[in-house]
Every structure is written in C-alpha cells, then in structure tokens.
Amino acid sequence: MSARTKRLKYNITELDHEFHYFIKNMSCRAVMRLPYTYRCRMATQASDCKHIINFFNYFRMMYCSIDIDDKATEVLFMLLFSFICVAFLWLMSFSIGTYYSPVLKIISLKLHMNEYLAGVTFLAFGNCSPEIIANLMPVRADAPIFTITVGNTLAIILLSGGTVCFLRPFRMNGHSTLRDLLFLLLGVEVLRFVMIKEGAVTLGEGIVLFLIYVVYVAINIADLALLRYYIRKLRRELEYLESLTPQPIKEINAKLRKLISWEEQDDIGIKDTTKYRRSRDTGNHFSNMTSSGYFVTPIPERRSEHVDYESNRTALYDSENPRNLQLFTEFLQSLNPVDPEAWQLGGWSNRIYLIARCPLVFVLQLFIPVVDYEKVKHGWSKLLNCTQIVTNPFVVITLVHSGVSSVYKSWHITLDFSVSMWSPFLTVPLAIVIFLHSRTDVPPSYHHLFIILTFFSSMVTLWLAVTELEVLSEIVGIVFNLSESFMAVTFEAVSNATPDIIANYQLALQGYGRMAFAAIIGGPVFAILVSMSLAFIFNHRVREVGANSWVYGDLGDNCYLFLVITIVTTMWWSATFNFHARRSAGVFLWLVYLQFLLYAVCVEWDLVHEFSRDQHFKPI
C-alpha cells in the first residue's frame with residue numbers, strides 16, 4: 001500500500017501533521033490558557049509538560065485522574081500542594097538532623113579534618129549534590145540554569161548565612177573566609193564570561209570550571225596541613241621557652257594565646273548537644289537564644305564539651321549478658337516513631353506534632369540506620385540494623401532506578417524492581433552473618449561502616465524531596481502565570497536552599513558555627529563551579545549555538561550583580577567586625593535578600609526593567 005493510499009484511508013491531512021507538530025512543541029504554560037476539558041489531553045501530549053514531573057505527574061493527576069474543571073478547585077489544589085511542600089521540607093529537616101549531620105561529624109572525625117575543611121567539602125557536597133542531579137534532569141533541560149544556580153547561591157549566603165549569624169554568633173576563620181569569598185567571586189566571574197562571550201559554550205570551558213574547584217579544594221587541604229605544621233612548631237617553641245631560666249613570661253603567654261586559637265581552629269570533636277536537643281524538644285530553643293534581646297549580640301558561648309563516644313559505645317556492655325539480651329524489646333523501641341524524651345518534655349502542641357509526623361518517621365526508620373556517636377551504643381539496634389542491611393539497598397536501588405527509568409502508567413511513577421530484586425541475594429546472607437556475630441549490648445567494631453548505608457539513603461531522600469519541591473514550585477508558577485525566571489530566583493531558590501539552611505542552622509546551634517559558615521560559602525563555590533561545569537559537559541543542548549541566551553536567563557544579570565554586592569559587603573562587614581559573626585550582620589544579609597526579592601517582583605510586574613539588555617535578532 002502506497003503512502004498516498006494510507007493517507008486517504010486514515011484521512012490524515014497536512015493540517016493534522018501541523019497540529020501534531022504544534023502539540024509537540026507547545027509550552028506547558030499555553031496549556032493553562034485552554035478550557036479545562038482540553039487540558040488532560042494537552043498536558044499528556046505536550047513534551048514540555050512531560051519534563052515537569054519527578055515521581056508524580058501532577059498535571060495528569062489534576063486534569064485526568066481528578067478532572068479539575070474550575071478555577072476554585074485548581075486554587076484549592078495549589079493550597080494542597082503547599083501543604084505537601086511543607087511535608088517535604090520537614091522530611092529534609094528530619095533526614096538532615098537525624099541521619100546526615102551525625103554521619104558528617106563521624107566522617108570528618110575519621111578523616112582527621114577540622115571544622116572548616118569538613119564544611120567546604122563534605123557538607124558543601126551534601127548540600128549541593130541534589131542541585132547537580134537536578135541540573136542533569138529533564139525538568140532543567142531547557143531551564144535558565146545560570147539564573148537558577150546564582151539565585152540559589154544568593155539564597156544560601158543571604159538566608160542561611162543570616163540565620164546562622166543571627167541565632168549563634170561565633171568567631172570566624174578570617175583568612176579562610178576571605179580566601180573562599182574571593183574564590184567564589186572568581187568562579188562567578190569566569191562563569192559569566194563563559195556565558196556572555198561570543199559563540200557557544202565549549203567542553204573545554206566546562207572542564208576549566210571543574211579544575212578551578214579542584215584547585216580550591218587543594219588549597220583548603222594545604223591550608224589545614226600548614227596550620228597543623230605551625231601548631232607543632234609553636235609547641236616546640238613553647239617547650240624551649242619553658243626550659244629557660246628565667247622564663248620569658250610575656251612571650252610564653254603570647255604564644256600560648258596563639259596556640260589556643262590555632263588549636264580551636266583545628267578542633268573537630270563530637271560535641272555534646274544535650275542542651276540543644278532538650279531546648280528543641282521543649283520548644284524553648286528560639287526563646288533561649290534571644291533571651292538577651294533580638295538585636296543584642298550575646299557573648300559567644302564557651303567551647304562545648306566533647307562527647308566520650310567510646311564510653312557511649314560500651315555503656316551497656318557486660319560480657320556475662322546473653323548475646324541477644326532484650327532483642328525484640330530493643331527492636332520495638334528503635335521502631336517507635338515517637339521520641340519518648342521529646343514527648344515527656346514537650347507540651348500539647350509539640351505532642352500533636354510528634355503524632356502527626358509518625359507515619360513518615362516510621363517509614364524512614366524502617367530502612368535508614370542511625371549511626372550517632374552521641375547516642376548510647378551509637379544508635380545500634382541489632383535486629384533492626386540487620387533488617388536494614390536488606391531493606392536499605394533494596395529501597396535505595398528501587399527509587400534511583402525508577403527515577404532514572406521514568407516510566408509512568410498513571411499519575412505516579414512505576415516502580416522498577418528489575419535490579420533491586422537481586423540485592424537480597426547478597427544482603428540476606430550478610431545480614432545473617434552479622435546477626436550471628438554481633439551482640440545487643442554493644443555495637444560491633446564494623447558498626448561505623450553502616451554510615452555508607454545512612455549517607456546514600458539520606459542523600460536519596462534529600463534528592464527526592466528537593467526535586468519534588470522544584471516540580472511543585474514550577475507547577476504553582478505555571479498555574480498562576482508567573483514567569484520561569486521569577487520562579488527560579490524566588491520560590492525555587494528558597495526551596496532549593498532550604499536543606500542548606502536547615503543543615504547549617506542545626507549545626508550552628510550544636511556548636512559547629514565554623515563548619516556551618518564554611519559550608520555557606522563552600523556550597524555556592526561547589527554549585528557554581530561543579531554543578532555548572534557538569535551541566536556544560538553532559539547537557540549537549542547547553543553547548544548549542546545560541547543556547548547562551550536561555551541558559552543565562554532574563555534575570556541572570558540581576559542575580560550576578562546582587563551576588564557580587566553580597567560577596568563584597570560580606571568581606572566588608574567581616575573585616576569591620578574583626579571576623580566576629582554578629583546579629584546585625586545576619587539582619588543585614590536578610591535585608592539584602594529582601595531587596596533582591598523586591599527587585600525581582602518589580603521586574604515581574606513590569607514596574608522596572610531588569611539589568612539585562614533587550615534581545616536583538618538579526619532579520620533573516
């Protein structure tokens with residue numbers, strides 16, 4: 001049968017081909033202008049709408065499964081999505097505080113890092129790795145990733161930095177802070193040059209950006225090595241001066257003060273956070289921090305006592321105990337989603353909150369092991385941890401494989417067990433061996449290896465929450481007809497920066513202010529240099545001729561200028577305050593971000609013009 005005969009049989013005309021091409025290239029924002037009766041078909045066929053999904057296809061849920069047919073119902077669903085966003089924010093907060101932060105401390109301790117190096121490497125990587133994954137996902141295939149990345153950087157420095165300075169003033173690492181701010185300025189200037197120069201972005205330019213970050217990390221490692229070299233040298237000098245008769249008291253005291261300052265910078269021990277946890281559980285932690293006044297910088301607290309984590313490990317050990325003493329009692333207590341101490345210390349509102357979060361807490365406890373040196377037995381629960389050896393890889397592999405496969409038969413993703421179904425063949429024998437070898441009253445010597453499971457599962461949890469937040473934010477913007485650039489630098493930037501804010505806020509309140517502030521600067525350096533370089537390397541569309549305009553975005557210059565202002569003013573107030581983080585500095589950072597948001601709103605409402613130049617196209 002000829003092509004002409006087929007066309008006549010199915011009555012396909014050139015208009016049908018044109019309509020098919022129109023739907024394929026139709027923007028998802030245009031779908032929202034159609035009557036509700038047509039939105040289901042258009043949302044499922046428009047390629048642009050197929051990119052705005054992750055584990056749930058919200059457009060198909062709204063316009064096909066539930067069949068929304070009026071504006072009021074649509075607005076009510078946006079309100080429901082807002083509650084879902086709050087749930088995802090809580091999920092990130094709980095995962096960071098319960099699983100990620102304790103693991104980060106242990107890794108830093110095992111690798112003999114100090115707070116600052118741990119902040120600019122592991123904490124920065126953990127905070128920004130979801131951003132790397134998001135930049136490589138279909139939802140950002142055609143997105144203004146320069147605007148998104150720099151907007152996220154602004155949110156991290158101004159919101160997270162302001163929060164840390166306001167809630168827990170501390171002494172900063174002066175030379176390290178200035179050096180990292182200058183590296184951040186270098187990174188954003190190189191990135192902007194790559195974006196605005198003539199021609200397309202090349203693979204070599206992406207590699208250059210990545211190599212700048214390698215140099216940055218190498219300098220931080222060398223700085224720590226030099227610090228420890230001079231600490232050893234200063235100790236030898238003190239030993240020599242103390243051996244003299246008579247002793248030069250003034251010189252010894254001066255060197256002792258310098259030695260104490262350097263040793264404090266080199267400190268990383270596991271700090272006792274009992275006071276913080278109890279004030280959090282009673283709901284008084286914010287009032288306790290502002291007891292001296294909201295805008296009065298309190299005297300920095302003394303260095304927190306370190307936890308004797310070896311005593312915590314063996315606190316319940318007795319060689320005469322049976323190996324499986326209270327096995328099932330311990331298992332049920334570990335699975336209890338309500339924290340008994342928080343329940344006892346909290347009021348009625350806190351108890352309602354503990355009950356409301358029970359389902360999500362229970363699910364996380366089923367497959368994510370707790371490894372925390374502050375807890376008795378470091379969080380070891382023999383039966384639960386042995387089951388998690390099986391459930392953790394199975395759940396993580398299933399989620400990651402399903403996310404990569406992205407197969408949808410309804411409004412949610414189809415879980416793919418084709419790979420994860422084989423994991424029990426390896427993990428079940430391993431769990432049986434560990435069960436037979438271990439005890440209930442003391443964790444085994446290899447318990448710290450469970451941080452591998454904890455780290456990857458918490459990272460997958462954060463990735464899931466961050467990507468769902470971004471998809472929901474974009475859907476809200478589309479429904480209310482807000483531009484993509486505006487959503488990227490406002491709602492999406494704040495949602496993407498939320499894990500950083502939560503992690504840095506919790507670490508600062510636990511006494512790790514230097515680590516938190518190091519991540520506040522190191523995270524943006526990582527995002528600008530690594531996430532953008534990987535996007536240039538692996539996203540071929542970014543390297544196409546003419547892609548610079550949409551990658552840079554309409555608000556790219558706004559974000560760039562405010563970031564330069566932020567870097568310069570942060571160096572200014574840091575030097576002015578002699579590198580003491582004060583509450584006034586936190587308020588100043590918040591006001592800068594408020595000004596940035598105000599300008600973005602005015603641009604969205606066409607009250608002012610953005611800093612970027614108008615696009616001019618040559619006539620064909």
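Which helix does Ala-493 lie in? Ala-493 belongs to helix H24, where helices are DSSP runs of H or I with at least four residues, numbered from the N terminus.

## About the model

This is a predicted model, in which local features need pLDDT of at least 70, side-chain atom pairs count only at pLDDT 80 or more, and totals for chains, interfaces and linings use all residues. Residues are numbered from 1 along each chain as its sequence is written, and side-chain values use heavy atoms, leaving out hydrogens and water.

Ala-493 counts as buried because its relative accessibility is 0%. (Buried means under 20% relative accessible area, exposed over 50%, and partly exposed in between, with a 1.4 Å probe and protein chains only.) The C-alpha atoms of Ala-493 and Thr-149 are separated by 8.2 Å, although these residues are 344 apart along the chain.

## Helices side by side

Two packed helices are described by the angle between their axes and the distance between the axes. For helix H22 (residues 450–479) and helix H24 (residues 491–509), the axes come within 9 Å and cross at roughly 165°. That makes H22 roughly antiparallel to H24. Here, axes are lines fitted to C-alpha atoms, for helices over the stretch in contact, and angles run from 0 to 180 degrees between N-to-C directions. Angles over 145 degrees count as roughly antiparallel, under 35 as roughly parallel, 65 to 115 as roughly perpendicular, and the rest as oblique.

Now take helix H27 (residues 556–576) and helix H28 (residues 583–604): their axes come within 11 Å and cross at roughly 165°. H27 and H28 are therefore roughly antiparallel to each other.

## Salt bridges

A salt bridge is a side-chain nitrogen of Lys or Arg within 4 Å of a carboxyl oxygen of Asp or Glu. By this rule the model has 10 salt bridges. One of them joins Asp-557 and Arg-192, with the closest N and O atoms 3.2 Å apart. Asp-557 sits in helix H27 and Arg-192 in helix H10 (residues 174–196), so the pair ties together parts 365 residues apart in sequence. Salt bridges that share partners also join Arg-39, Lys-71 and Glu-74 into one network.

Let's look at that network. Arg-39 and Glu-74 meet through their side chains at 2.8 Å, N to O. This pair links distant parts of the chain, with Arg-39 in helix H4 (residues 36–45) and Glu-74 in helix H7 (residues 71–110). Glu-74 also forms a salt bridge with Lys-71, at 3.3 Å between the closest N and O atoms. Glu-74 is buried at 1% relative accessibility, whereas Lys-71 is partly exposed at 42%.

How values were computed: Helices (H or I, at least four residues) and strands (E, at least two) are DSSP runs, numbered from the N terminus.
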